[in-house]
Amino acid sequence: MVDKVWLKRYPADVPAEINPEQYSSLVHLFETAVAKFADQPAYINMGEVMTFRKLEERSRAFAAYLQNELKLKKGDRVAIMMPNLLQYPIALFGILRAGCIAVNVNPLYTPRELKHQLNDAGAKAIVIVSNFAHTLETVVDETQVKHVILTRLGDQLPGAKGTIVNFVVKYIKRMVPKYSLPHATSMRLALRKGRRMQYVKPFINGEDIAFLQYTGGTTGLAKGAVLSHRNMVANVMQAKGMYGARLQEGRELIVTALPLYHVFALTVNGLLLFEMGGQNLLITNPRDIPTFVKEMSKVTVSAITGVNTLFNALNNNEDFKELDFSQLKLSVGGGMAVQRAVADRWQSITGCYLLEGYGLTECSPLVAAYPHDLTEFNGSIGLPVPSTEVRMVDDEGNELPMDGVGELQVRGPQVMQGYWQRNEATSEVLTEDGWLSTGDIVRFDEQGFLHIVDRKKDMILVSGFNVYPNEIEDVVALHEKVLEVAAIGEPHEVSGEIVKICVVKRDDSLTRDELIQHCRKHLTGYKVPRVVAFYDELPKTNVGKILRRELRDQPAQS
């Protein structure tokens, strides 16, 4: 598939190739954007606006603090453990400007998971929001972390507003469990000190590491994907190649509900829209849909990214349907398969097509995306992004023809350098000539659109036939009484496995027989679910991916 037959389907304004050296580093990208858009809003959170100029000043102060007060050197790892707050871009760009490596940490990690990641990365410092400081307290003495920088949710809000938010969060909502980190420094103090210190810009080139982005935590021991400045710049340019024609420099506002510590939001929202002079509306708690929708009602939204479960939740909120979508021009779903029922309903409510993107952490993350001119959901994950080669291989690594079904491999400037200090794990997925094995089973249609059949590990084997959960889920989700669904395999003494569906009802009257009859209309016999289990909710990661593995181990809830 290296001949790129899909180029014929690219819109005329989508380039076949991008220049991964357009910026020498993310710091160069940052400096260019803040010079060009200095007094325009960059990030908005809880009603407070931070301009590009303010972000430049605050991140410079933070970088100076890291260099002078903490004596951190180029290549030192600094962890960030917080949801979407104004403090996040300050910390992120400060870390990168100091020449350090950013290590994004999920704030909902357990102590065991946090300890593993901090030790694996060899992090010397961590910037953490106080709501999760109790988790750090239990493990910090067992890590290499020497410096803890604490911030509170309201610390970047002005005057009385910040004080009130911090008081309510701690004493009214009781969202800050007790902790003891006696040697921690407040981020506010760090910024005050940093303003009086000299910042010395280190020499950073494209091959220097920008991020250790951890992945695989739901399937085993989390590994750090080594993403260089060149990897990230390339993927920003690739995303711009696919979506840029829909966007105007300095004119856009994107809703950032996915956490910026997630690489999808980091690249598309945090970096691409930043490079284009756009605004990011940071949603701190996207699970609180009513508050989320209220925040959206205060601005004019032109773009939004999310996962299928987020779009589904918004589709089912009555207040969301009353918002003004007249300026909404770009909706992108990623992180998990977008279901047709969700995409169709999103379009009917907003008037904006939901474009699916596909990627993985190891690719910074974007690999494929719907072309921006696509006007209907076609069940694919789109076309490979510019400067990206893709191919299908069988279990022995042999390349398959276009009409086959096999594992997707990717090669391009966005592909990681490898897994941090894990040569064996790297060699399992990355060939010497740069091909990355994704673990995803795909097929191509006649136009070159990529279709995900499923993850290798999630495949259900029924009497020797492969059954792919995504196909089952898409069919079940079409039923009007279904809110959410996940399909898994259940052991069976005769057929090896049978299909089980785990369903959250939209309508309490839904029955097992209704679902079985519905599936029989759309699926061949061996694919029809034999077991139907109803749940109050499905287990998900913090960014909304349904955890099929956990469903195999837990009973139905209703």
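Tutor: The UniProt record, an unreviewed entry, places the feature "domain: AMP-binding enzyme C-terminal" at residues 471–545. In this predicted model, the end C-alpha atoms of residues 471–545 lie 16 Å apart, and the span is 24% helix and 35% strand.

The nonpolar cores come next. Of the 176 residues in the largest nonpolar core, Tyr 43, Phe 62, Phe 211 and Phe 274 touch the most other members. Helix H9 (residues 263–275) gives the most to this core, namely nine residues. Phe 211 has contacts that include Leu 26, Leu 92, Leu 96, Ile 101, Ala 225, Met 232 and Leu 266, residues up to four places away in sequence being left out of the count.

Eight strands form an open sheet with mixed pairing, in the order E7-E6-E5-E3-E4-E8-E9-E19. Strand E7 (185–186) and strand E19 (418–419) stand at the edges with a single partner strand each, so one side of each is left without a neighbour in the sheet. Helix H4 (residues 111–121) packs on the sheet, where it touches strand E3 (77–81), strand E4 (101–104), E5, strand E8 (209–215) and strand E9 (223–228). The direction of H4 makes about 150° with that of E8. Within the sheet, strand E5 (residues 125–129) and strand E6 (residues 147–151) run parallel and are joined by five bridges; Ile 126 stands opposite Val 148 in E6.

Note on methods:
Residues are numbered from 1 along each chain as its sequence is written. This is a predicted model: local features need pLDDT of at least 70, side-chain atom pairs count only at pLDDT 80 or more; totals for chains, interfaces and linings use all residues. Side-chain values use heavy atoms; hydrogens and water are left out. Two strands pair if DSSP finds at least two bridges between them. Helices (H or I, at least four residues) and strands (E, at least two) are DSSP runs, numbered from the N terminus. Contact means heavy atoms within 4.5 Å. Axes are lines fitted to C-alpha atoms, for helices over the stretch in contact, and angles run from 0 to 180 degrees between N-to-C directions. A nonpolar core is a set of buried Ala, Val, Leu, Ile, Met, Phe, Trp, Tyr and Cys residues joined through side-chain atoms within 4.5 Å. Buried means under 20% relative accessible area, exposed over 50%, partly exposed in between (1.4 Å probe, protein chains only). UniProt positions are given in the numbering used here, feature names are shortened, and annotations may be inferred rather than shown by experiment.
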